[in-house]
Amino acid sequence: MADPSRQELGGTLMVLGWLMLLFSLAWIFFHPAANAIGRSVIDVVAICLVAGGIGCNVVGYRIRRATN
């Protein structure tokens, strides 16, 4: 029988990962404005958001798959 708390944890991590990916897209949308004022940190933040989002999705998927 599947453990509901592990399924919820996996689902939560997957939702968090997708939200991080969507937030990184919004972050990149404002990239031209940041370049105009001379800030280059925005690239590093976007890369970290994408890496964290993909990582959360992978871990969440593995947790949900292991409970089924």
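1. To what number does the count of aromatic pairs come? In this predicted model, the count comes to one aromatic pair. Its members are Phe-23 and Trp-27, whose ring centres are 5.8 Å apart and whose planes meet at 50°, so the pair is classed as tilted. The cut-offs explain the class: planes under 30 degrees apart would count as stacked and planes over 60 as edge-to-face.

2. The placement of the pair deserves a remark. Phe-23 and Trp-27 both belong to helix 1 and are four residues apart, about one turn of the helix. An α-helix has 3.6 residues a turn, so residues three or four places apart point the same way. Phe-23 counts as partly exposed because its relative accessibility is 45%. Trp-27, at 29% relative accessibility, also falls in the partly exposed class.

3. As to the overall fold, the protein has three helices and zero strands, and the order from the N terminus is α-α-α. Among contacts with a separation of 6 or more, 81% join residues 24 or more positions apart.

4. Of the 68 residues, 25% count as buried. The accessible surface amounts to about 5,000 Å², and carbon and sulfur atoms contribute 72% of that surface.

5. A nonpolar patch on the surface is formed by Val-15, Leu-19, Leu-22 and Leu-25, which together have about 410 Å² of accessible area. One of these, Leu-22, lies in helix 1, which covers residues 4–29. Leu-22 counts as exposed because its relative accessibility is 52%, and the cut-off for that class is over 50%.

6. Apart from its neighbours within four places in sequence, Ser-24 is in contact with Ala-46, Leu-49 and Val-50.

7. Helix 3 comprises the 27 residues 41–67. At 1.5 Å a residue, helix 3 should span 39 Å, and its end C-alpha atoms are 39 Å apart, so the two values agree.

Notes:
Residues numbered from 1 in each chain as written. Predicted model: local features only at pLDDT ≥ 70, side-chain atom pairs only at ≥ 80, totals over all residues. Heavy atoms only, no water. Helix = DSSP H or I, 4+ residues; strand = E, 2+ residues; numbered from the N terminus. Buried < 20%, exposed > 50% of the residue type's maximum accessible area, 1.4 Å probe, protein only. Contact = heavy atoms within 4.5 Å. Areas by Shrake-Rupley, 256 points an atom, 1.4 Å probe, with all protein chains shown as cover. Patch = residues over 30% accessible without salt bridge, like charges linked within 9 Å, V, L, I, M, F, W, Y side chains within 5 Å. Salt bridge = Lys/Arg side-chain N within 4 Å of Asp/Glu carboxyl O. Phe/Tyr/Trp six-rings, centres within 6.5 Å; stacked < 30°, edge-to-face > 60°. Expected span 1.5 Å × (residues − 1).
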